[in-house]
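Please look at the sequence and the structure shown below before reading on.

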Amino acid sequence: MTRRISLTQYLIEQQREHGQIPQELRLLIEVVARACKRISISVTKGALGEVLGTAGSENVQGEIQKKLDIIANEVLIEANEWGGHLAAMASEEMEGIHVVPNRYPQGEYLLMFDPLDGSSNIDVNVSIGTIFSVLKKAEGGKGVSEDDFLQPGTAQAAAGYCVYGPQTTLVLTFGQGVAMFTLDREQGSFVLTSEGVKIPEDTKEFAINMSNMRHWDAPVSRYIDEALAGSTGPRGKDFNMRWIASMVADVHRILTRGGVFLYPWDKREPNKAGKLRLMYEANPMAFLVEQAGGAATNARQRIMDLQPTQLHERVAVVLGSKKEVERVTAYHLEAGKK
Ligand SMILES: O=P(O)(O)OC[C@H]1O[C@](O)(COP(=O)(O)O)[C@@H](O)[C@@H]1O
Ligand SMILES: [Mg+2]
Ligand SMILES: [Mg+2]
């Protein structure tokens, strides 16, 4: 039975008793959690809060922005910029970095986020979320620039997400395991509901957008064909499929009961490494999944080892139950081509 302590208590415990997190980082996570609470309130209001629908603008990736994409981005920036823990922020929804204005105290951390993940699910009342990753600015050097953000996932000081579903759940790692907190709406606080989260090594459940099948690379088709062949095929067991189309909700299911998630490179846009973003989606999720005993690759290499070359870099993603991720990766390495 998990101890029912608040997020604040948990963080203080990590800081004081286990010496795992510096005070600045603890306070930063508290602010992010507060912002997620505010986003959760907006999400829950739905049509009543006039937060549904498109905003009539495009983000830097050329994607139509939903009202909630913009609201969530603003909430995260406003909540974090005056706290004194950050040097700068970067978001999927903004072209350049957002440097903490001079009027506020400057900190040494860098915060990256996908303010609203699963945008296509907002209007249809399906789970969506916020994904975030924290890096530390390298010591020395004046000011802060985009280059400071270009650190591999292994450098993350913390990562997490908040999923806005039937429950609002905050999931966190500082590199010492994964903890989950459920929002108690009456108390207005996140309460620890699961510690030492572990993803089973084996699974019988995969998540992939099957409508892209004709565009897949041969190793992806091989893996899915074998799974679909079920108990009479080479895998000797029946597989189930799930695709929520909110990475945050698909990863939450995998952290909860196992499974494998794939958003592979495909032939639609051959020059694009993948659909998902390395800094705002893949790295934080890879950190969480590895901390829960799973694995995360771009179908060839460990995601967290990749050296980013640009803020909005895309990447192919295979993550979840370790043995399945190893299998998909091995099929790609065997094939030896993209
Ligand atoms: O439309 P598709 O191909 O199902 O893609 C769904 C994927 O796109 C995403 O929605 C991309 O994230 P955003 O909504 O933040 O742009 C992922 O959450 C999800 O896994
Ligand atoms: Mg996203
Ligand atoms: Mg998004």
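This is a predicted model: local features need pLDDT of at least 70, side-chain atom pairs count only at pLDDT 80 or more; totals for chains, interfaces and linings use all residues.

The protein is divided into two parts, domain 1, which covers residues 7-194, and domain 2, which covers residues 205-335. The C-alpha centres of these two domains lie 24 Å apart, and the contact takes 36 residues from domain 1 and 29 residues from domain 2.

On the side of domain 1 that touches domain 2, the elements that give two or more residues are the strands β5 (109-117), β6 (128-136), β7 (158-164) and β8 (168-173). Among these, β6 gives the most to that side, with 5 residues. Sorted by class, the side of domain 1 that touches domain 2 has 16 nonpolar, 16 polar and 4 charged residues.

Two packed helices are described by the angle between their axes and by the distance between the axes. For helix α1 (residues 7-16) and helix α2 (residues 23-45), the axes come within 10 Å and cross at roughly 165°. An angle over 145 degrees counts as roughly antiparallel, and α1 and α2 are therefore roughly antiparallel to each other. The crossing in which α1 passes α2 is right-handed. On the α1 side the contact is made by L7, T8, L11 and Q15, while α2 contributes Q23, R26, I29, E30 and A33. The residues of this contact of α1 with α2 divide into 4 nonpolar, 3 polar and 2 charged.

Helix α2 also packs against helix α3 (residues 67-81), at an angle of about 150° and with the axes 9 Å apart, which makes α2 roughly antiparallel to α3. The crossing of α2 and α3 is right-handed. From α2, the contact takes V31, V32, R34, A35, R38, I39, S42 and V43, and from α3 it takes L68, I71, A72, V75, L76, A79 and N80. By class, the contact of α2 with α3 has 11 nonpolar, 2 polar and 2 charged residues.

## Helices α4 and α7

Another pair consists of helix α4 (residues 218-228) and helix α7 (residues 322-335), whose axes come within 9 Å and cross at roughly 140°. Why is α4 described as oblique to α7? Roughly antiparallel is kept for angles over 145 degrees, and roughly perpendicular for those from 65 to 115; the crossing at roughly 140° therefore makes α4 oblique to α7.

The crossing of α4 and α7 is right-handed. Helix α4 brings A218, P219, R222 and Y223 to the contact, and α7 brings R327, V328, Y331, H332 and A335. The contact of α4 with α7 has, by class, 6 nonpolar, 1 polar and 2 charged residues.

Technical notes: Residues are numbered from 1 along each chain as its sequence is written. Chains are lettered from A and ligands numbered from 1 in the order in which they are written. Axes are lines fitted to C-alpha atoms, for helices over the stretch in contact, and angles run from 0 to 180 degrees between N-to-C directions. Helices (H or I, at least four residues) and strands (E, at least two) are DSSP runs, numbered from the N terminus. Angles under 35 degrees count as roughly parallel, over 145 as roughly antiparallel, 65 to 115 as roughly perpendicular and the rest as oblique. A crossing is left-handed if the near helix is turned anticlockwise from the far one by less than a right angle, and right-handed if clockwise. Two residues are in contact if their C-beta atoms, placed from the backbone, lie within 7 Å. Ala, Val, Leu, Ile, Met, Phe, Trp, Tyr, Cys and Pro count as nonpolar, Asp, Glu, Lys and Arg as charged, and the others, Gly among them, as polar. Domain bounds come from an automatic or database domain assignment.
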